[in-house]
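Reader: I'm new to this and I'd like a close look at one part. Please walk me through the surroundings of the ligand, and then through whatever you can tell me about the sheet.

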Amino acid sequence: MQVLDGKIASQSVKEQLRQEVSQLMAEGKRAPHLAAILVGSNGASETYVANKVKSCAEIGFESTLVRLEETVSEEALLNTIQNLNNDAGIDGILVQLPLPKHISEQKVIETIHPDKDVDGFHPNSVGKLVQGLETFVPATPYGIMLMLEHFNISTKGKHAVVIGRSNIVGRPMSVLLSSNHAYGNCTVTICHSHTANLKEICLQGDIIVAALGRPEFVKADMVKPGAVIIDVGITRVNDATAKKGYRIKGDVAYNEVATVAGAITPVPGGVGLMTIAGLMKNTLVAYKRRIS
Ligand SMILES: Nc1nc2c(c(=O)[nH]1)N[C@@H](CN(C=O)c1ccc(C(=O)N[C@@H](CCC(=O)O)C(=O)O)cc1)CN2
Ligand SMILES: [Mg+2]
C-alpha cells in the first residue's frame, strides 16, 4: 500500500516553480503577483488563504491579501475585483469561497477577468476545460492530476469513480480524468446524492475520488482491493482532546480503507497541499501570458 504524500508532491511542484521564478528574476523580470480576497473571518478560510500567501512567499511570488468585512456589500466586493482586474501589476485574482449568503458567488466568479482567473471557476475557463483547450484548471482537480503525475499512477483505461459533482472539484475532475492526456483516458462514473447502488459502483472503481464533504463516508467494504483512493474531504470535526480543538477528517475512513487500497492520500497532508500547488502553477501561467 502506497501513501500518496501531498507534502512530498507539493514540495516538488513548488521547488520547480521557485527555480523558474528565480530564473525570471535573474533576467530582470518582475515577480508574479497573486491577489486573494477574503470576506469575513471563517477559521478554515483564514487557514487556506494564509497557506496560499505563505506559498507565494516561498516560491518568490508577490501576494496581496484584501480583507473585507463579513457585511461587505456585493457591489463593494465586485468593485474591489474590478480594481484588481484593471491593476496591471496583478496577474491572478482569487476570492476565497464560501462567501456570505447575501453575496452571489456566481456574480463574483463572473466578474474576475478570465485572464486572471487562476481558480479556473469562470464559465470561460470551465468551457475551455470541457472542450480540451488550454485554460486555468480549478486548483483541487489540477492538484490531484499533479499528484497522479508525481507518483506516476497509471490511469489509461481505468474506471474512475468520482463521488461529488461540485463545480470546484467533482465536475472538473470527471472532465480531466476522461480527457485524452497522460494521466487521463479513464472511463469515469460521476456519483451524487441521487445515485442508486453507490456502493456497487464504488466497488468497480480502480480509482475513487471522494469529494462529497461527508467525513469518513467511504468505508473499506466499498473499495475494490488495490484501488487508488483520492480523498478530497477536509471537514473540521470538534475534538476537545486535539490541540486546536478540532481534527480534520477526510471523506474516506482512512484506517480501514488503507487495509484494502493500493494507494491512498492522507488527510491532512494530501490533496489540500496539492490544491495550493495547483493554484501556484496557474498563477505562474497567468503571469507568463501577461508579460509575453
Ligand atoms: N477560491 C477558492 N475557494 C476554495 C477553494 C479554492 O480552490 N478556491 N477550495 C477549497 C479550500 N481550499 C482552497 O482554497 C483549500 C483547502 C485545503 C487546503 C489545505 O492546505 N489543507 C491542509 C490542511 C489545512 C488545515 O485545515 O489545517 C491539508 O489538507 O493538509 C488548502 C486550500 C474551498 N474554497
Ligand atoms: Mg506587483
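Author: Below is a tour that starts at the ligand and moves on to the sheet.

First, a heads-up: this is a predicted model, where local features need pLDDT of at least 70, side-chain atom pairs count only at pLDDT 80 or more, and totals for chains, interfaces and linings use all residues. Residues are numbered from 1 along each chain as its sequence is written, while chains are lettered from A and ligands numbered from 1 in the order in which they are written.

Okay, the ligand. Around ligand 1 there are 22 residues, and the closest are Tyr48, Leu97, Ala139, Pro268 and Gly272 (to be near a molecule or strand, a residue must have its C-beta atom, placed from the backbone, within 6 Å of it). Two or more residues of that shell come from each of helix 2 (43–59), strand 4 (92–95), helix 6 (139–150) and helix 10 (271–291). Those labels are DSSP runs numbered from the N terminus: helices are H or I with at least four residues, strands are E with at least two.

What kinds of residues make up the shell around ligand 1? There are 13 nonpolar, eight polar and one charged; here Ala, Val, Leu, Ile, Met, Phe, Trp, Tyr, Cys and Pro count as nonpolar, Asp, Glu, Lys and Arg as charged, and the others, Gly among them, as polar.

The chain is divided into domain 1 (27–115) and domain 2 (139–273), with bounds from an automatic or database domain assignment. Both domains give residues to the shell, so ligand 1 lies between them. Taken over C-alpha atoms, the centres of domain 1 and domain 2 are separated by 27 Å.

Three strands form an open sheet in the order 3-2-4, with parallel pairing (two strands pair if DSSP finds at least two bridges between them). Strand 3 (62–68) and strand 4 are at the edges with a single partner strand each, so one side of each has no neighbour in the sheet. Strand 2 (residues 33–39) and strand 3 run parallel and are joined by seven bridges. As one example, Ala35 has Thr64 in strand 3 as its bridge partner.

Is strand 2 enclosed or open? Seven of its seven residues are buried, so strand 2 is largely enclosed by the rest of the structure. Buried means that 20 or more other C-beta atoms lie within 10 Å of a residue's own; exposed means 12 or fewer, partly exposed is in between, and C-beta atoms are placed from the backbone. Both faces of strand 2 are covered, with His33, Ala35, Ile37 and Val39 buried on one side and Leu34, Ala36 and Leu38 buried on the other. Take Val39: it counts as buried because it has 23 C-beta neighbours inside 10 Å. Val39 is also 27 residues from Val66 in sequence, yet their C-alpha atoms are 8.4 Å apart in space.
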